[in-house]
Amino acid sequence: MEFSREKIRQIRHFMLLAALLILALIYSSQVFEGIAFLFGIFSPFLVGGVIAFVLNIPMKAFEDKMLARWKGKSAEKLKRPLCLVLAIISVLLIITIVVGTVVPQVASTASEVGKKIPAFTERVMNELDLLAKKYPELTEQINKLDLEEINWDSMLNSIFDFLKNGAGDVLTSTVSVASGIISGIVNVVISFIFALYILAQKERLEDQGRRILSAYLPETVGRRILEICSLLYRNFSSFITGQCLEAVILGTMFVISMTIFRMPYALMIGVLIAFTALIPIVGAFIGCVVGAFLILIDNPLQALWFIILFLILQQIEGNLIYPKVVGNSVGLPAIWVLMAVSVGGSLFGISGMLFFIPLMSSGYTLLRESVNKRNKGKKPLSLPKREAAEKQAPPEAEGRARKKAHRTSSDK
């Protein structure tokens, strides 16, 4: 039995792939260490790509809508830098509004809490005195504790040893923290500069990517890769837009409802919840904790009503608004949106929640296209005639048929 040249080539590729998989399983720890090392090297560029992707959404909106009439060579040269600056300013403005609204109120509330702590401590001490007078058995049990057996000298010596030995560790940790902060600042600067380069030359980079695919891959494979990349881009950009829209809707709902019920800090809590709601489904709970704490300082009963209001609005948002707004923006049914958030959060935390919805949407679209293509021209599956008849038969007829079959078998 002779194999053709194409068959031999396929078998060779399969054997090479199997060998690579076996080696990867044998040296899995080294493989993961190498992946982590490469990820650490390229992390500033990956972060820069994420920043460029996020900034590209408002920049493209400015180019296509606000400055769409700018045409010509001179206008095109000025259009891209101006839209890029407007996108950066808009993002920084949103962050400034959120920080400027939330941080001063949290700081003032923290100062109020600091002022109320002495009165709270005095009240607790008074309650403890009343409890001791009411239940003298507790005082007797406390007095029975023999506190003189504690070796205070050995305790002081151990404290001095800890301080003496831990001074070097503290210095080492301080140096490592300082170097980590400096390294983080450098990585952020590199990421931001890399994002600016991507946005300034995105058409050129796209053309280079197309040429590389055309040079090293077959035409059908390269075209399929471009289709998948285009689908991922649409889904991720639509997801970010839908997530921001959903956050604005939820924050507006809280501002209006808290104003109607005359709750304090309505605007600040609404802005905070809108900002934290950018984290899918669970992000608003962070704003709920901070808002309930702020209201608790002024009125504990209103804090309880705020939590009830939050639970009601969260149910409306999680079951109606979020699946509709975000699900429609990425073309994913509501049940799969909830599944993507649950699975992504279980695997990779907050980042998994953010990435799994557009990824699952892309997979859902590709699977739907493949299923429709394979089922084209085929008849839908149906039950065999006997099973269909038994399924449609009424229970009485089925019971009579079983009795008849039983009598026949007994006669035999």
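Predicted model: local features only at pLDDT ≥ 70, side-chain atom pairs only at ≥ 80, totals over all residues.

**Where two helices meet**

I started with a meeting of helices: Phe53, Val54, Asn56, Ile57 and Lys60 in H2 touch Tyr233, Phe236, Ser237, Ile240 and Thr241 in H7. Contact here means heavy atoms within 4.5 Å. Sorted by class, the contact of H2 with H7 has six nonpolar, three polar and one charged residues.

Next I checked the geometry: helix H2 (residues 28-66) and H7 pack at about 75 degrees, with axes 10 Å apart. The axes are lines fitted to C-alpha atoms, for helices over the stretch in contact, and the angles run from 0 to 180 degrees between N-to-C directions. So H2 is roughly perpendicular to H7, a label that covers 65 to 115 degrees (under 35 is roughly parallel, over 145 roughly antiparallel, the rest oblique).

Residues are numbered from 1 along each chain as its sequence is written, and side-chain values use heavy atoms, with hydrogens and water left out.

**The whole chain**

I looked up the secondary structure and found 13 helices and zero strands. These are DSSP runs numbered from the N terminus (helices are H or I, at least four residues; strands are E, at least two). Buried residues make up 23% of the 412 residues; buried is under 20% relative accessible area, exposed over 50%, partly exposed in between (1.4 Å probe, protein chains only).

**One leucine**

Is Leu231 buried or exposed? Leu231 is buried, with a relative accessible area of 8%. I found Leu231 in helix H7 (residues 219-260). Leaving aside neighbours within four places in sequence, Leu231 is in contact with Ser362, Thr365 and Leu366. Leu231 and Leu366 are 135 residues apart in sequence, yet 9.1 Å apart in space, C-alpha to C-alpha.

**The cores**

A nonpolar core is a set of buried Ala, Val, Leu, Ile, Met, Phe, Trp, Tyr and Cys residues joined through side-chain atoms within 4.5 Å. The largest one has 27 residues, and Phe254, Met258 and Phe306 are among those with the most contacts inside it. H7 and helix H10 (300-330) are among the elements that give two or more residues to this core. I also noted a second, separate core of twelve residues, including Leu55 and Ala195.

Key:
Nonpolar A, V, L, I, M, F, W, Y, C, P; charged D, E, K, R; others polar.
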